[in-house]
Amino acid sequence: MGVLVFIEDPDDELSQQAVGFAGALAGDAQAIAFDPSEAYAPAAWAQTLVELAGQRSATAVVAPGTDRGNEVLAHVAAKLDQPMAANCVSATPGDPATVVRMRWGGSLLEEAQVHGSPLLLTAAPHAVAPAPIAEVEIITVTDAASPLDRVVRVLERVPAASGGVSLADAEVVVSGGRGVGSAEGFSVIEELAALLGGAVGCSRAVTSAGWRPHSDQVGQTGTKVSPEIYIACGISGATQHMAGCKGAKRLLAINPDGEASIFASADYAVIGDLHEVVPAISTEIRKARGT
Amino acid sequence: MNILVCVKRVPLTGGKITLTEDAQAIQTRHLGFTVSPHEECAAEEAVRLIELHGGQSTVLTLGPAEAEEQLRDMMAIGIDRGIHLITDGGEWDPQATAAAILDAIRSDAEDFDLLLFGNESADAGNYQVAIRVAAALGLPCVNGIKAINIEPHPPHTLRCEQEVAGGRDVYEVPMPSVVSVLEGINLPRYPSVPGRMRAKRKPLVSTEPERPDAQLPMVRLLLPEGSSKQAEVLGSGAEAAPAVVRILQEIGVV
């Protein structure tokens, strides 16, 4: 009896949250990580976890709600033909167990029952406090992993071209929406972002229009950001977008429509046309710096 | 080459989600519908791969009768034929969804070389249907893919790239395989008027699969606790700039 927690790295915050989530589910949670020398191979890793869960008669297998956490656990679920609930914010054991899980990137929640055993859950990012990981059991892929399980594995990692501030890690994000009006219109957004040492973001409407690359898109299907301040310019505040910027510590919205739904999530509001407001802010920053 | 792409009809939620009175669904009376974003890109990718390598593409959906609109939309951007697994509009859990797709694949006359999915649907976000279908068919499955290149010569290996912190992870898999993609793999085209006209005449087969008992039944939907903040209004127009800069100075970014 016990809970196995598949973690990516004991120093990773989302892995620590998964251990915290598992601890709330049952007292005895064992953190499991694959040896760093193992190339990532989701199906082979899942087969290894299936075998381990069987040997230990695990009542639950938990993983962080990350790309890899969800992927490996879905393979475990497929192999065991058991249900799996992704991105849970809470769970209550029982027969059936009950979970509350995220839909729409967290814009909506769902209460669901999970039938079957072992219970297979991933922990939604930033829903549960992280728990320190005192002891990690390091494992390698089992011989029981079939040739098919081993087909999909990372062959190489191509490093990203360096340069510029990464959107995901930026302390300041200046983001433009449909209100920017054109690709050229982003020059004022770029200018302010550069002055603040921040990154440029945009909404899905902007990438769909081809004004900015998808790598700039903040949202449920884009990058999730967590800056000190998120400056949303001409963005209406669709749930798709808010799912990507809700991690921001503060949100400043600039929009000509005082009724725009973005203001319901904003800490600071400027009512006005971004093409007047944003250059004025840049000018004011230069003035404050005496440049 | 023969490609199948699976898509889901989802509401365009806009700025605020409201629920039906029984909390079993999103109130969609005033909403439009679309194909879930990752899956729209999967359909575009199917069309591009067929343009490049030749062959035929099929789009499949499990959804209510109205989801024919989404199948026709995908045919309008270039998908050749459709399979509609018609439901009464209720929730199908991931295992039931995967089983219905599996039955459809097995009973279809075509043998697919590549099965494309979205990494996760915009609404339910279960992250597992592609993996379950692949496991049942005994096929390799790569997920969260942002680039697909098919080796032009036999054995036509698929080279797939995945964005990770610090770079891109590369996978190579043989065909047939299952691949789930992410938005950003391409920029989907808009359907043209002639494309829409052609889509009306493209073949569409439909069946009404029986829904098995759910293993992950939804009890009810809940709205997260409102972040209904009271924003501090810093002013209107360019006159607000000094107040904005004071805030930026307080935070320490100026």
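Leaving aside its neighbours within four places in sequence, Val5(A) is in contact (C-beta atoms, placed from the backbone, within 7 Å) with Ala18(A), Val19(A), Ala22(A), Ala29(A), Gln30(A), Ala31(A), Ile32(A) and Val62(A). This is a predicted model, in which local features need pLDDT of at least 70 and side-chain atom pairs count only at pLDDT 80 or more, while totals for chains, interfaces and linings use all residues. Residues are numbered from 1 along each chain as its sequence is written, and chains are lettered from A in the order in which they are written.

Val5(A) is also among the residues with the most contacts inside the largest nonpolar core, which has 171 residues. Such a core is a set of buried Ala, Val, Leu, Ile, Met, Phe, Trp, Tyr and Cys residues joined through C-beta atoms within 7 Å, where buried means that 20 or more other C-beta atoms lie within 10 Å of a residue's own. Helix α2 (residues 42-55) of chain A gives the most to this core, namely seven residues; helices are DSSP runs of H or I with at least four residues, and strands are runs of E with at least two, numbered from the N terminus. Because domain 1 (3-151) and domain 2 (172-289) of chain A both give residues to this core, it lies between them; these bounds come from an automatic or database domain assignment.

Between the chains, 73 residues of chain A are in contact with 66 residues of chain B, and helix α3 (residues 67-80) of chain A supplies the largest share of chain A's side, eight residues.

Methods
A residue is buried if 20 or more other C-beta atoms lie within 10 Å of its own, exposed if 12 or fewer, and partly exposed in between; C-beta atoms are placed from the backbone. Two residues are in contact if their C-beta atoms, placed from the backbone, lie within 7 Å.
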